[in-house]
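Below are my notes on the two-chain model, as numbered points.

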Amino acid sequence: MGNTSSMLTQYDIEEVQEHCNHAFSQQEIVSLYHRFCQLDRNSSGFIPGDEFLSVPEFAVNPLSQRLLRMLDGLNFKEFVAFLSAFSPRTSLQHKIEFIFRVYDFDSNGRVTFDDILGVLRDLTGSFISEQQRQKVLTRVLEEAGYTKDSSVVLSDFMKILGNSDLKMEVEVPID
Amino acid sequence: MAGLATSSAEMDLDRPNIDEYLTVESIREAPKKLHLRDLLDISPTLKEAAGAIVDDSFTRCFKSNPSEPWNWNIYLFPLWCLGVVIRYGILFPFRVIILVAGWIVFFAAFSLVHFLLGEHNKWKREIERKLVEMICSVFVASWTAVIKYHGPRPSMRPQQVFVANHTSMIDFIILEQMTAFAVIMQKHPGWVGFIQKIIVESLGCIWFNRTEAKDREIVARKLREHIQGVDNNPLLIFPEGTCVNNHYTVMFKKGAFELGCAVCPVAIKYNKIFVDAFWNSKKQSFTMHLVQLMTSWAVVCDVWYLEPQYIRPGETPIEFAERVQEMISVRAGLKKVPWDGYLKYFRPSPKLIERKQQIFAESVLQRLEEK
């Protein structure tokens, strides 16, 4: 029992808020801090992957492993920046950029056929055969004007997803 | 959850309404032709993950709320310091002395009785029971516990079990102080395990092992045997299977509710103003937990013995368990949550991930059909 982490000062809150482009209000940042400290049980400054996996709702998410790679070793400021993609105050562009980063497994700025296939595999598991997955993806890519060998960059993502109404928001509970 | 019924060794069986908490929200209503953007748009799944990161109803059950920083001003701070001095400097040593003295008396008397009197001597059981009740009272005194019991005192007869919500191992001590219960417990390491082995055995306790897959069946059999016995102490079970923070109750495992006997609910609520009695076993050892209790002013709690319940015709054990969970939660002012407490120790079954994958896969395939 007892709060092992130090209190956030007003300066800290403002710095974090700057870093995430004011995606969250100051109250939300304090809430996120409490959550971060709750998950960072060893007060090591970052949340180990195991802790995320001990949240059952996260562990049953098909994309949990990919997200864990992105969440690995983040300090609180980076944690808030990560979550800023889910704020209602963030632009659509930022959300699309986040989605791009999830696909771009090797972080080289290009998303290949295999990258998209990988995510599709995570999402569908054994309920679609590998062959069928490839077929679907090839067909859908060709219809959109890409080939199996073309790699998609961020601007392409913006074009493809730019018109859809992306609903990617979470509400931060304020204690 | 009928679709997931498997062998009884699986923990899935105990999960009544988990689906409500884990469904994929956004299956597009009217299947339309599949476009690239539909495949690339993983925002619903990401949103669920982020939602779980930001807050989730499971970890809330095991959160020990940190102490709020007070306004340290000129009069509060010295008073608090004085309080600390009194608690650690005067109360704590005094309580330790009481505890140690109590243990010495207990061990002396217990060893005498245990080794001198014959194996199945009736008096032996009686005296050992009384001694255990005594040492529990010593413990209770060492925390200056103020316990208000409500409701009729448990009687010793066969074909009944007692179930209670679980906050800490001291739940057992508090209840044991008034009536000698037999209890079903997880074996702990260290000195607690030692005490469990020697002393609590005399009460007729049952051990379980969370990590043992077939354990459930063995335990179920032992439970049934116990409640048949006329001479056995009334059995106390904590159906949540783990310590919860006394603001929530997690899913009651059905084991205690399918024995075909009366179930007597007991609700325990600790008053947090005096001390937070939640034993966060991930954060502190039991020793530290005891020290924390002994350096607080008091442990104040209410214990309600509720009316014995029987399974209703047409009610499944799971529904019975939920009904009793509801009774206890309402009485003690706790919020009900359908999570399985064992998720604290184990990951959720991969079947749950597969469920989601299946839903997504089907929606993709369905839309492929549309031309």
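1. In chain A, the side chains of Arg139(A) and Glu143(A) meet in a salt bridge, at 3.9 Å from N to O. The term means a side-chain nitrogen of Lys or Arg within 4 Å of a carboxyl oxygen of Asp or Glu. These two residues are four apart in helix H9 (residues 130-143) of chain A, so about one helical turn separates them. Arg139(A) is partly exposed, with a relative accessible area of 35%, and Glu143(A) is partly exposed at 44%. Here buried means under 20% relative accessible area, exposed over 50%, and partly exposed in between (1.4 Å probe, protein chains only). Helices (H or I, at least four residues) and strands (E, at least two) are DSSP runs, numbered from the N terminus.

2. On provenance: this is a predicted model, in which local features need pLDDT of at least 70 and side-chain atom pairs count only at pLDDT 80 or more, while totals for chains, interfaces and linings use all residues. Residues are numbered from 1 along each chain as its sequence is written, chains are lettered from A and ligands numbered from 1 in the order in which they are written, and side-chain values use heavy atoms, with hydrogens and water left out.

3. A search of the whole structure gives 19 salt bridges over all chains. In chain B, Asp340(B) bridges to Lys253(B), with the closest N and O atoms 2.6 Å apart. This pair links distant parts of the chain, 87 residues apart: Asp340(B) is in the loop between strand E9 (335-336) and H11, and Lys253(B) in the loop between strand E6 (248-249) and strand E7 (262-270). Asp340(B) counts as buried because its relative accessibility is 1%; Lys253(B), at 14%, also counts as buried.

4. Asp276(B) and Lys272(B) form another salt bridge, at 3.8 Å from N to O. Asp276(B) is buried, with a relative accessible area of 8%, whereas Lys272(B) is partly exposed at 32%. Salt bridges with shared partners join Arg121(A), Glu130(A) and Arg133(A) into one network.

5. How many residues does each chain give to the contact? Chain B gives 50 and chain A gives 62, contact being heavy atoms within 4.5 Å. The two chains bury about 5200 Å² between them, 72% of it on carbon and sulfur atoms; buried area is the accessible area (1.4 Å probe) that two parts lose on being put together, summed over both. Two salt bridges cross this interface. Asp50(A) forms a salt bridge with Arg347(B), the closest N and O atoms being 3.2 Å apart. On the chain B side, the elements that give two or more residues are helix H2 (36-40), helix H3 (43-54) and helix H11 (350-369).

6. The whole structure holds 22 aromatic pairs over all chains. Rings of Phe, Tyr and Trp (its six-membered ring) pair if their centres lie within 6.5 Å; planes under 30 degrees apart count as stacked, over 60 as edge-to-face and the rest as tilted. Trp103(B) and Phe107(B) have ring centres 5.6 Å apart and planes at 35°, so the pair is tilted. Both lie in helix H4 (residues 76-116) of chain B, four residues apart. Trp103(B) is buried at 14% relative accessibility, while Phe107(B) is partly exposed at 33%.
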